[in-house]
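Here is a friendly walk through this structure, one piece at a time. Have a look at it first, then read on.

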Amino acid sequence: MADALDPNVGPGPGSPGDRRIDRTGGHDGPQTPTRSPAPGEAVVRLDMPHAVALGERVDAELATLGPRSVAIALLTYNNAATAKVVAEAVAAGVERHLDGATAVILNADAGSSDGTAHAVTSTALPVVRIEHPTPLAERLTVPFHGVPGRGDALAAVFTAAHRLGARALVIVEADVVSIRDEWIARLAQPVLAGKADLVNGAYARHRYEGTITNLIVAPLIRMLYGRRLHQPFAGHQAYSARLVEHILVQPRWGGFRRDVTDLWMFGTAVADGFAVWEAWLGPRVVRSTARSNDLPTMVAQTLGAIFGVMHTHEDLWLAVRGSEPVPDVGTAAKLGVDPARVDVARMLDGFRLGVRDLLPIWEHVLAPDTLGDVLGLDAGDGTRFRFPNDLWARVVYDFALGFHYDVVHRDHLLRSLVPLYLGRTAAFVLEAEPRSADATEALLDEVAVAFERQKPYLAERWR
Amino acid sequence: MSQDWYKDAIFYEVHVKAFFDADGNGVGDFAGLTASLDYVKELGVDCLWILPMYPSPLRDDGYDIADFRGIHPDYGTVEDFQKFLDGAHARGMRVIADLVMNHTSDQHPWFQASRTDPTGPYGDWYVWSDTDQRYRDARVIFIDTEKSNWSWDPVRKQYYWHRFFSHQPDLNWDNPAVRTAVLDVMRFWLDRGLDGFRCDAVPYLIEREGTNCENLPESHDILKVFRRVIDDEYGGDRILLAEANQWPEDVRPYFGDGDEFHMAFHFPLMPRLYMAVRREDRLPITDIFTHTPAIPPACQWCLFLRNHDELTLEMVTNEERDYMYYAYASDPQMKLNLGIRRRLAPLMDNDRRRVELLNALLLTLPGSPIIYYGDEIGMGDNVYLGDRNGVRTPMQWSSNRNADFSTTDSARLYLPVVNDPVYGHQAVNVATQSRQPSSLLNTMKRMIAVRKQSGAFGRGTIEFLRPRNGTVLAFIRRFEDDAILVVANLSERSQPVELDLRAHQGATPVELLGETRFPPVGDTPYFLSLGPHGYYWFRLERRDRGPVRYGIEETAV
């Protein structure tokens, strides 16, 4: 309590207002601005506006547990079928790889009704179950990440981890059944070793997996923050104690709890000089009946998240030039190139339908030259269709600008990008199909390079 | 593009003189209209309807045409018109123009020749009589200004027939030469690329003794010939829109068997929309659709909230008219003929929620909507300008002098800009609303954009639901696989409603303006609550109608 009232405990060099960009990727982030709470300290600090009330039961359980060096947050929503396997992998990971660690599972649940709680409690590690609020809209259409109210879940586990004095907080998805015990090590060790403040997962994927990520999200993040993160929306992450504390005191987080939480935290970490790493984890196999796999919804959620943080972090990204890789742990996996069943013809149909039906919206969103170039794309020949990278970058930037200036209802705007994304994806598949894994990787890099090259186009129009 | 494009189209009615004055003489012109096309396009308009543009003495705002093949010099030249037309086409918009078929100006050379040379080639082009006692069963339409449909011509020393003003003599459509001449006029403009005509006052072409001289079979015969010729000569995508201010069952014959007019105004609906909102009762709306006959598949109703004329109350009962006067025309200056000369926003007391609600109904009821210029920003009127001029004032582009409509001296404007504190251009203008995401203008853009997402709005059937709460209007529009549920609270108070949606059990209502998914429909009444004058547009997304799959969804992020 005394900390909150102590005038001598003020923002440190890494606090808001002291933004700097960690261009080396090394651990030259800010010094811890405030002291961490005493292990197990079960109080809500007055200077942490986003530390949430966890309820008497949780408070008591945390107090009983005492200090923990590692907190592993298992975010669940109707994951009874998979949570046990995942929780056991977590426990195995702690036992085999985090020697001497005192760990706890923080099971943040979004209101499961299928017995998920029971599945999680039957593990070797102590479990604290925390229920968090969930927006109705996200229960009706569960977001792509599978957890309604993920932002609230993160706020809850951040609060709990902070109270337990955890040096590392690892976030784990409860429906990713391909998790291996070494994942916990790769995520937590850079943090525990004091090298990283945020470790983002990266999975081994087939080249046609993650098309939203590869063709839009990763290039955008690279352009915005100057960091070549492979999979910005990876569900597995690890946070250092000081980044947890830093975020809990961030005055802006309250407005970014929903949807945009992960990106906002990443951006904040970069902006405020924390060390960001990437951990190669292996294949990611999801078993979920809850996650939305409706493309328009996924595009709207992911792009809405990025466009949302662009406004918040404009003073940062407008100043960023170029990009660099982030330090990583584990072995980077090559893209899978096995034959895959993707329906290019149907994607091109979707693109043509968009040209036919969405022109009135695109006319509001796209600059005349961009629109003219898009309409000039020849989707007639289904085998030779191409979508130039620089045009694609301008399309995405026009949508970002349209979102920024609110030219059309934002959800309509985001969803109207889908046919264009389908066209770009179709072109990517057609181009990548005869190529090797490395050549496909190079193709994707060219997309990201075009986003960087076209950045002045965006910056000049952003006011 | 499909030949029946008009079924999905958003129409925009505009005065050339009122939109933008490019040459700074105080009167809007085609050059100004051309310069404003991007604005109209951004609104979501598919087709502009241009009010009379022809040379005219302007004693009836251009509906007194003195030369069918020219452009009024205040508005520019035929070349200016061509540039405008080409500009609209280049933006994917179409243009239709008013054409007065029933009569001309008394200044038209045809009439001048007819009155001075009764035995000459034009002698029989108008309806002349030695007595004013013929066709006595025909009503006088402009009762405020005309006492009879006959007027004495001191030159020819005969009476001439006019259903409208005495300076607008009716053409004699029994004369084949008149038919040929008017058809040639149509060809003149269609050859230039015009996409069709809004044909003024078509019920009155032919006169017969012992009838009310309206809607006569002979008139339909003539119109069918015109339609056939235009279809044959211009490929079938030029349209004819009928102005027939009649009850729906009397308008129905103007569609023929799909071989007469493509479209016709639904006049009786418009006052009933206002009545329903004022009475907070859906009955006036559901009732008029009960009395609206089916029309041929290729035809379409034109719906409107307001237009360049008074809010006409011809198509209501006397009791209903009294109610409308009581409700919407508290100042006697607001009344004109059998109507109310006010714009949409003032009629709604500038209540944004009611204005939006009425537009929401306009865009969802069966038919193609017509937006009257300026109503998309909630322009006001000036009832003291005489005749219907109060609703024909300059477009309000900004808060600058003359609302940026013209650079001329304010005194030279064809009509003064609305300048009162509530509706004046300082408060209501395009520039301001363009910058406000929640402005009426941007809301209209959003609603129009959403309407374009489903063919059900323009082409679907309508089924009215009958919830117990009579202040709530609810209906379902269906087209092919698409089902759109529209729910509107006609009341100024919040209302609950339970809808019988059992036929859609399992469907998920997706609110179209926000893309918000509502709880699925079950086997119990579907409960909704609506704020004051609130409304919902839902797509009823069927459970068995999954999204198209591309093979990338499972791992797209």
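This is a predicted model: local features need pLDDT of at least 70, side-chain atom pairs count only at pLDDT 80 or more; totals for chains, interfaces and linings use all residues.

Now zoom in on one of the pairs. S5(B) and strand S6 (residues 158-161) of chain B are joined over four bridges, in the antiparallel sense. Here you can find Trp150(B) standing opposite Trp161(B) in S6(B).

## Chain B as a whole

Stepping back, chain B has 16 helices and 22 strands. It runs to 557 residues, and 53% of them count as buried. If you take the contacts in chain B with a separation of 6 or more, 67% are between residues 24 or more positions apart.

How confident is the predictor here? Chain B averages a pLDDT of 92, and 94% of its residues score at least 70. For the complex, the predictor gives an ipTM of 0.80 and a pTM of 0.62.

## Where the two chains touch

Chain B puts 23 residues into the contact, and chain A puts in 34 residues. On the chain B side, the elements that give two or more residues are helix H3 (37-43), helix H15 (440-451) and strand S20 (516-517) of chain B. Sorted by class, that side of chain B has 10 nonpolar, five polar and eight charged residues.

Over to chain A, whose secondary structure comes to 20 helices and 10 strands. It has 463 residues, and buried ones make up 54% of them. Of the contacts in chain A with a separation of 6 or more, 82% are between residues 24 or more positions apart.

Eight strands of chain A form an open sheet with mixed pairing, and the order is S3-S2-S1-S4-S7-S5-S8-S10 (chain A). Which strands stand at the edges? They are S3 and strand S10 (328-329) of chain A; each has a single partner strand, so one side of each is left without a neighbour in the sheet.

## Pairs and a helix on the sheet

Strand S5 (residues 198-204) and strand S8 (residues 276-283) of chain A pair in the parallel sense over seven bridges. Along this pair, Val199(A) stands opposite Trp277(A) in S8(A), and Tyr203(A) has Gly282(A) in S8(A) as its bridge partner. S8(A) also runs parallel to S10(A), and two bridges join them. In that pair, Glu278(A) is opposite Asp328(A) in S10(A).

Helix H7 (residues 181-192) of chain A lies across several strands, among them strand S1 (70-76), strand S4 (168-173) and strand S7 (237-240) of chain A. H7(A) runs at about 155 degrees to S4(A).

## Val128(A), a buried spot

Val128(A) belongs to strand S3 (residues 127-131) of chain A. Is Val128(A) buried or exposed? It counts as buried because it has 21 C-beta neighbours inside 10 Å, and the cut-off for being buried is 20 or more.

Val104(A) lies 24 residues from Val128(A) in sequence, yet the two are 7.5 Å apart in space, C-alpha to C-alpha. Setting aside neighbours within four places in sequence, the contacts of Val128(A) include Val58(A), Glu61(A), Leu62(A), Val104(A) and Ala160(A).

Helix H10 (residues 261-271) of chain A is mostly covered, with 11 of its 11 residues buried. Among those buried residues are Trp264(A), Met265(A) and Phe266(A). After H10(A) comes Gly273(A), which has a positive phi, near 85 degrees.

H10(A) has a partner in helix H11 (residues 295-312) of chain A: their axes come within 9 Å and cross at roughly 35 degrees. The crossing is right-handed. Leu263(A), Trp264(A) and Gly267(A) in H10(A) meet Ala305(A), Ile306(A), Val309(A) and Thr312(A) in H11(A). By class, the residues of this contact split into five nonpolar, two polar and no charged.

Technical notes
Residues are numbered from 1 along each chain as its sequence is written. Chains are lettered from A and ligands numbered from 1 in the order in which they are written. Two residues are in contact if their C-beta atoms, placed from the backbone, lie within 7 Å. Ala, Val, Leu, Ile, Met, Phe, Trp, Tyr, Cys and Pro count as nonpolar, Asp, Glu, Lys and Arg as charged, and the others, Gly among them, as polar. Two strands pair if DSSP finds at least two bridges between them. A residue is buried if 20 or more other C-beta atoms lie within 10 Å of its own, exposed if 12 or fewer, and partly exposed in between; C-beta atoms are placed from the backbone. Axes are lines fitted to C-alpha atoms, for helices over the stretch in contact, and angles run from 0 to 180 degrees between N-to-C directions. pLDDT is the predictor's confidence in each residue, from 0 to 100. A crossing is left-handed if the near helix is turned anticlockwise from the far one by less than a right angle, and right-handed if clockwise.
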